[in-house]
Amino acid sequence: MPAIIKQFFFKSHEMTLSNPRFLSLNQWLKAYFSDEVTPVLISGDASFRRYFRISTPDASFIAADSPPDLVPIAPFISLSNAYAAVGLIVPKVIHADAKQGFMLMSDLGDTQLLSVLSAQNVGRYYRQALDLLPQITSVVESQDVNSGLIHALPLYNEAFVRRELHIFTEWLLGTHLSLSLSDDEQQLLNQSFDYLVVNALSQPSVGMHRDFHSRNLMLQAGELCVIDFQDAVVGPVTYDAVSLLRDCYIRWPQALVTDLMQYHYQQAVAHAFISPVTGFDQYQTWFDLMGLQRHIKAVGIFARLNYRDSKPAYMADIPLTLTYIVDIAIKYPELTSFAQWLTRRVLPAFASSEPLTGVKP
């Protein structure tokens, strides 16, 4: 673990011990267990939620501290129930307090899929992960935990896609790189983003996890378990597959990715998520451009996590993600100018910046 990330983690842990929310969580857990327990900070995710492990003589549990005004727990519980109902292994919510934003859940262990991947096993594990997608795609609604009403998942529509792309412009280009765009550059961005929006909206829509990758799949007793699904929507059929196969955190040879793309394509046709008259070439275009949109959003989010949320570790994932963006964009004539502009203007600016800068004054 790099020194700056270690320093950030331990500083966060020290702050936790005297944090009013941690003290309230401790009291809440003590009331549930009717005994003294010791929550140990294990991680925070890319939101404002934090996770703690509680060990008892009989079992281990995970407690989540999710500030209710920032990250309400109701969507997580609703999706947990919906995913469990279709046979996915997800954290089971044992006890919850929506007002305070606390949850006690089953413990799925510490083994992220990313931590065990190698050139020898990645094909097997990724096929196992892709085999979860028919279940995920079937979830297009969930039951509200408070009212009991059934609600359709939000639509990943044009406004949604454009909001995500704007994160790149605002947080990477603006906040981190302080780039002032000329009218021609802004027009280039607008045209490129329009092309990506059309691609996203042209695909069949299915239930979508929206963050389906190797850090959000846990390995327990040989089974893959799914976490971090609270932002699920209904959207493009290739989104979750490209999230996995073109992961922002690790890169695999293109031959392997193509083979796994074909596996997902055949799976999607077999389950009628894609029409059998849709050829693999069309699927690959959908896949490439969907991944491009997601990676543009991701680099913006990584910068936002640093400056808005004081989480600098994600900045280290920007170089790989920018490389993906250029490599895919250059393949498409409609995006060649965009790729060249990134290579000429953005990559050098990022290379000369300080990736782990923390919050700007």
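Histidine 264 is buried, with a relative accessible area of 3%. This is a predicted model. The histidine sits in helix H9, and His264 is among the residues closest to the centre of the largest cavity. The protein chain averages a pLDDT of 91.

**Histidine 264 and its surroundings**

- Why does histidine 264 count as buried? Its relative accessible area is 3%, and buried means under 20%, so histidine 264 falls in that class.
- Not counting residues up to four places away in sequence, histidine 264 touches Leu130, Leu133, Val237, Ala241 and Tyr283.

**The cavity**

- How many cavities of 30 Å³ or more does the structure hold? There is one.
- The largest cavity contains about 80 Å³ of space.
- By class, the cavity lining has 10 nonpolar residues, four polar and one charged.
- Rolling a probe the size of a water molecule over the atoms shows where empty space is left.

**The second largest pocket**

- The second largest pocket has a volume of about 240 Å³.
- Which residues come closest to the centre of this pocket? They are Pro75, Leu79, Ser142, Leu153 and Pro154, out of 17 lining residues.
- Helix H3 (74-85) and strand E7 (150-152) each contribute at least two lining residues.
- H3 gives the largest share of this lining, four residues.
- The pocket lining divides into 10 nonpolar, four polar and three charged residues.

**Nonpolar cores**

- The largest nonpolar core has 98 residues.
- Inside this core, Tyr83 and Leu172 have the most contacts.
- Helix H10 (residues 280-307) supplies the largest share of the core, 13 residues.
- What does tyrosine 83 contact, leaving aside neighbours within four places in sequence? Its partners are Leu88, Val90, Ile136, Val139, Met208, His209, Val226, Phe229 and Ala232.
- A second, separate core has 12 residues, including Phe22, Leu25, Trp28 and Ile54.
- In soluble globular proteins, nonpolar side chains tend to be buried together.

**Two alanines with positive phi**

- Alanine 221 has a positive phi of about 50 degrees, although it is not a glycine.
- Alanine 221 lies in the loop between strand E9 (217-220) and strand E10 (223-226).
- Is alanine 221 buried or exposed? Alanine 221 is exposed, because its relative accessible area is 81% and exposed means over 50%.
- Alanine 272 also is not a glycine, and has a positive phi of about 65 degrees.
- The loop between H9 and H10 holds alanine 272.
- Alanine 272 is exposed, with a relative accessible area of 63%.

**Confidence**

- A pLDDT of at least 70 is reached by 92% of the residues.
- Where is the pLDDT below 50? One such stretch is residues 1-15, and another is residues 357-361.
- Beyond near neighbours in sequence, residues 1-15 have 10 contacts in the model.
- Residues 357-361 have 11 contacts in the model, again beyond near neighbours in sequence.

Conventions: Residues numbered from 1 in each chain as written. Heavy atoms only, no water. 1 Å grid on protein atoms, 1.4 Å probe; cavity = no way out; pocket = protein on both sides within 12 Å on 5 of 7 lines; lining within 4 Å. Points joined across faces, edges and corners; volume = space filled by probe spheres on them. Nonpolar A, V, L, I, M, F, W, Y, C, P; charged D, E, K, R; others polar. Core = buried A, V, L, I, M, F, W, Y, C linked by side-chain atoms within 4.5 Å. Buried < 20%, exposed > 50% of the residue type's maximum accessible area, 1.4 Å probe, protein only. Contact = heavy atoms within 4.5 Å. pLDDT = per-residue confidence, 0-100.
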